[in-house]
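Please look over the sequence and the 3D model below. A short report comes after them.

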Amino acid sequence: MTFTSALSGASPDTAKHILDSIEAQFQLSQDDLITITKQFLDDFRLGLSEYNHPMAMIPTFVTGVPDGSETGTFLALDLGGTNLRVCEVHLLGDGEFTLKQQKYRVSEALKTGEASALFADSVDAFLTEHASSPTTAPPDPFAVSSRSIDLLDPHAGSALPLGLTFSFPVEQTALDKGTILTWTKGFAAKNAVGHDVVQLLQDAFDRKHLHVRCVALVNDTVGTLLTRAYTAGGCVLGSIFGTGTNGAYVEKVENLTKLGDSAVRQEGGVMVVNCEWGAFNNTRTVLPTTPFDNKVDRESINPRLQAFEKFISGMYLGEITRNILLSLLDAAPTPLLLNGRASDVLNRHYGLDTAVLSEIEEVWESGRTHFTEVEKLSAEDRSRLERIRSIIIQRLSVDAEFVTLRDAAIFRWAASLVASRAAKLSACAVATVLVQTEHAKLGGGHVPEQEKLTVGVDGSLIEHYPNFNARLRESLRALVGEEVEKRVDIGMAKDGSGVGAALCALMATK
Ligand code: BGC
């Protein structure tokens, strides 16, 4: 029975069958994961050899990673998704840094209005932070910019260098130049795509007569890679599992054949590549798409783009789950959830935040709760379901009268289906980088020379979602073997966007 026919004409007897058929669509076998990773490797190689592929494999012109000895004071602006951050970073050497930052939520109006307004607002946020309290020297004597500077005074010496972290696909042509390829994560500001992002920001600074020069442009994954390298002494991969998803790794320049015989290619060595893996398999030939995913895609701001991201990232997991829940709620003639009563929140596009799934799984993150067995559960398990029930009532404003423990179990089941699949698919991306960099073989059987394979990560999913990391590791083990998996040291690169921008600004000013 197909999913659609199962839902129409559902009787209580077919309920189990319907849930089982949904569950089956979210399962990924080891063979599936291997097939996906093979395709990933092919697409990596294609993106390294030619321009204009969805997974863009962008050369970043960052030709090395820091070792922790770097020092200096830099300003950073981080525009990446939910928040805009204005940071002042002091690199202290010895892998240490201090960072002051202020966060501003980016409004929907700015995300979809004129790009000039978005950048002007970013500069205003920056001004609020720095014009009143001039940037000061850090306590260390080695700082590159160890001075206090009035940003509004054109006679105050050379302009203060700033690194921009811009977490969207940008085709870079130099460390401080790059054309915006497309928006992602719900952004759609006008007159930005096709323009140089550094220039857009610099123009906004210049219009305010600010004595600041944007010297480096960096993706958040690159920032994460550089930051983890700075604090841990090396790093194989920097990746983000948050509102969006992506990864950056160190590639041999000789493999970047699309650079032709340009000077930078002839120099050889290594270069950090920003994969833009969120756009992997936009054609969905290997991604395990379901009707719930198709609905997310169709109703998104960028249909048919960022396919992989729409299976993985925090922006979409809540929405996929909401689609599953609504299909159960709408099942006819017998609703299978909440007695057929949604709430305004549940009815709203993106109304179910991934953070709510996280809260639900926090209560009961392991073990299978089949909906049919609720009546037979122990007192302890029932009290967990009571807690989930309260979350549903409070966070989704559902009328308490219509929320049963069975509903609570179904919410938890749906959240865990969607999040587990996301973690498994994330493992494919990580495995691809390990194989591409010859630290692993697909299917296992290769022991790396290095003791540790350091991976820097950041983002709300990997940081907060219960079990995301463990689920990812389990699939990674299946893909590259236990020998390699246990050497992979996945660690948070906190503040990677700000510190990474500072490290790039340092490279640029050297
Ligand atoms: C963007 C990437 C970014 C990732 C994580 C994606 O939507 O395309 O550039 O690195 O989100 O923030």
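## Model and confidence

This is a predicted model, in which local features need pLDDT of at least 70, side-chain atom pairs count only at pLDDT 80 or more, and totals for chains, interfaces and linings use all residues. Residues are numbered from 1 along each chain as its sequence is written.

The protein chain averages a pLDDT (the predictor's confidence in each residue, from 0 to 100) of 90. At least 70 is the score of 90% of the residues. Residues 1-10 stay under 50. For them the model has 19 contacts beyond four places in sequence; two residues are in contact if their C-beta atoms, placed from the backbone, lie within 7 Å. Residues 136-149 are also below 50 in pLDDT. Where pLDDT is low, the predicted coordinates should not be read in detail.

## Overall form

The C-alpha trace of the protein chain spans about 75 × 50 × 40 Å along its principal axes. Buried residues (20 or more other C-beta atoms within 10 Å of their own, with C-beta atoms placed from the backbone) make up 50% of the 510 residues.

Among contacts between residues at least 6 apart in sequence, 73% join residues at least 24 apart.

## Domains

The domain assignment, automatic or from a database, gives domain 1 (71-231 + 495-509) and domain 2 (289-420). Their contact takes 5 residues from domain 1 and 6 residues from domain 2.

Technical notes
A residue is buried if 20 or more other C-beta atoms lie within 10 Å of its own, exposed if 12 or fewer, and partly exposed in between; C-beta atoms are placed from the backbone.
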